[in-house]
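Work through the exercises below with the sequence and the model open side by side. Each task is followed by a worked solution.

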Amino acid sequence: MQIHPWSKMFKAWCSESGENQTELAERIGVTQSIISAWSNGKRIPSERWQVEISTLTGGAVPTMIDGYRQGCGLCDGC
C-alpha cells in the first residue's frame, strides 16, 4: 500500500515536533488513534481538520488544495 503524500508530510512534521501522538491528539482535539491513522495513511482528514493542522503547523503540512496550488504533489486525483 502506497502512503498518501499528505500522510507522509504529516508524519514527518509529527516526528519533528517532538510531541508524541497522545500529546498531539490532545492539543488538536482528536483521539490518538486518529493521529495514528492520519500518520500511516489509513485515513485522510476532512478539509476542516486539514485546515486545523495547516494552521497548527504554520503551513508545514498544507491542506491538499493548498498543496496542489503550491505544487508539492498533495493532490493526486483523490
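This is a predicted model: local features need pLDDT of at least 70, side-chain atom pairs count only at pLDDT 80 or more; totals for chains, interfaces and linings use all residues.

**Exercise 1.** List the buried residues of H2 and decide where they sit around the axis.

Solution. H2 spans residues 21-28, and its buried residues are Leu24, Ala25 and Ile28. They cover an arc of only 100° around the axis, so they lie on the same side of H2. Their packing partners are helix H1 (5-17), helix H3 (32-40) and helix H4 (47-56).

**Exercise 2.** Describe the largest nonpolar core, then follow the contacts of phenylalanine 10.

Solution. The core has 15 residues, and Phe10, Val30, Ile35 and Trp38 have the most contacts inside it. Two or more residues come from each of H1, H2, H3 and H4, and H1 gives the most, with four. Leaving out residues up to four places away in sequence, phenylalanine 10 touches Leu24, Ile35, Trp38, Ser39, Ile53 and Val61.

**Exercise 3.** Classify the arrangement of H1 and H3.

Solution. The two axes come within 6 Å and cross at roughly 120°. Perpendicular covers 65 to 115 degrees and antiparallel begins over 145, so H1 and H3 are oblique to each other. Trp6, Ser7, Phe10, Lys11 and Cys14 of H1 make the contact with Ile35, Trp38 and Ser39 of H3.

Methods: Residues are numbered from 1 along each chain as its sequence is written. Side-chain values use heavy atoms; hydrogens and water are left out. Buried means under 20% relative accessible area, exposed over 50%, partly exposed in between (1.4 Å probe, protein chains only). The arc is that of the directions from the helix axis to the C-beta atoms. Contact means heavy atoms within 4.5 Å. A nonpolar core is a set of buried Ala, Val, Leu, Ile, Met, Phe, Trp, Tyr and Cys residues joined through side-chain atoms within 4.5 Å. Axes are lines fitted to C-alpha atoms, for helices over the stretch in contact, and angles run from 0 to 180 degrees between N-to-C directions. Angles under 35 degrees count as roughly parallel, over 145 as roughly antiparallel, 65 to 115 as roughly perpendicular and the rest as oblique.
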